[in-house]
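Student: Please guide me through this structure step by step, beginning with the terms that I shall need.

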Amino acid sequence: MKPLAGSCLLLMLILPTLIGLGSLLADPPDRDQGRSAKASASKATKAAKPGVRVYVFDKEGKLVGPVESPKFVLSVTEWKRRLTPDQYKILRSKGTEQPFCGTLLDNKKEGVYTCAGCGLPLFSSDSKFHSGTGWPSFFQPIAEGNVTHRTDRSHGMVRTEINCARCGGHLGHVFEDGPKPTGLRFCLNSESLTFTPSENLATLADPIVEKSEHGSATEKDAPADKPEKAQPEKLEKR
Ligand SMILES: [Zn+2]
């Protein structure tokens, strides 16, 4: 019994030291791993550009997709530099233009309506209809993923706001009183749109198409530069 008690006592004395030593030995690598994991996670977050899957035009003026496109993000100052005051008020501050005043309301030309903020194709003249509301109206977007929906509870109403999927710009609202085949009415602000006639669709060619064909997109060639070239081509009010 005595030797056993003796070794127990010895163990009791040694054990905490062993545990302490063990944790000293074990902890540093763990902590380092944690740090490096966190560091690489944060690097990954920085490197990974949250993208959207959208349809865009290629060099032949053909709508292609879905392709992965980086989100289009600008600071307030950059947006103000890029947009006219009216465009800024609608697209970035969720404004609404006066009915029957929009430059694209009565546009009956064939072509495509793109986002005035980032150039993403949003609606085709094929789905435009006369709603009598005073705002350009469409029964469907050019591609499902190019327009996103969000519940809007402002002004004491519950409405569904529609936004550009790439830059988040406010476009208008969608209502369920539209014509066939969808029964939807996408109610737009002219100021949030840029019209390009059918014969000029190749000018909407998005560099992201070429990048996705070659397997990689670089930040340098992101579609951010494109809308600068495609300045709003508003029709004169008729
Ligand atoms: Zn946009």
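Tutor: Two strands pair if DSSP finds at least two bridges between them. Helices (H or I, at least four residues) and strands (E, at least two residues) are DSSP runs, numbered from the N terminus. The model is a predicted one: local features need pLDDT of at least 70, side-chain atom pairs count only at pLDDT 80 or more, and totals for chains, interfaces and linings use all residues. Residue numbers start from 1 along each chain as its sequence is written.

Student: How many helices and strands does the secondary structure of the protein chain contain?

Tutor: A residue is buried if 20 or more other C-beta atoms lie within 10 Å of its own, exposed if 12 or fewer, and partly exposed in between, with C-beta atoms placed from the backbone. The protein chain has 238 residues, of which 33% are buried. Its secondary structure comes to five helices and 11 strands.

Student: In S10, what is the bridge partner of His173?

Tutor: Strand S9 (residues 170-175) and strand S10 (residues 185-188) pair in the antiparallel sense over four bridges. Phe175 has Arg185 as its bridge partner in S10. For His173, the bridge partner in S10 is Cys187.

Student: In S8, what is the bridge partner of Asp152?

Tutor: S7 and S8 pair in the antiparallel sense over six bridges. Their hairpin has six residues between the strands. Within S8, the bridge partner of Asp152 is Arg159.

Student: Is His155 buried or exposed?

Tutor: His155 lies in the loop between S7 and S8 (159-164). Its phi is positive, about 55 degrees, although it is not a glycine. Because it has 7 C-beta neighbours inside 10 Å, His155 counts as exposed.

Student: How many C-beta neighbours inside 10 Å does Phe100 have?

Tutor: Most residues other than glycine have a negative phi, and most peptide bonds are trans. Phe100, with phi near 65 degrees, has a positive value. It is found in the loop between helix H3 (85-91) and strand S3 (111-115). Phe100 counts as exposed, because its C-beta neighbours inside 10 Å number 11.

Student: Where is Pro181 found?

Tutor: A cis peptide bond joins Lys180 and Pro181, with omega about 5 degrees. The bond from Gly65 to Pro66 is also cis, with omega near 5 degrees, and Pro66 lies in strand S2 (residues 63-70). Pro181 is found in the loop between S9 and S10.

Student: Which are the edge strands of the open sheet of three strands?

Tutor: This sheet has the order S4-S3-S11, with antiparallel pairing. S3 and S4 pair over three bridges, and in S4 the bridge partner of Tyr113 is Phe123. Each edge strand pairs on one side only, and these strands are S4 (121-124) and S11 (193-197).

Student: Which residues touch the most other members of the largest nonpolar core?

Tutor: A nonpolar core is a set of buried Ala, Val, Leu, Ile, Met, Phe, Trp, Tyr and Cys residues joined through C-beta atoms within 7 Å. The largest core here has 41 residues, and those touching the most other members are Val54, Leu122 and Cys164.

Student: Which strand gives the largest share of this core?

Tutor: The core has 41 residues. The largest share is five residues, and they come from residues 51-57, strand S1.
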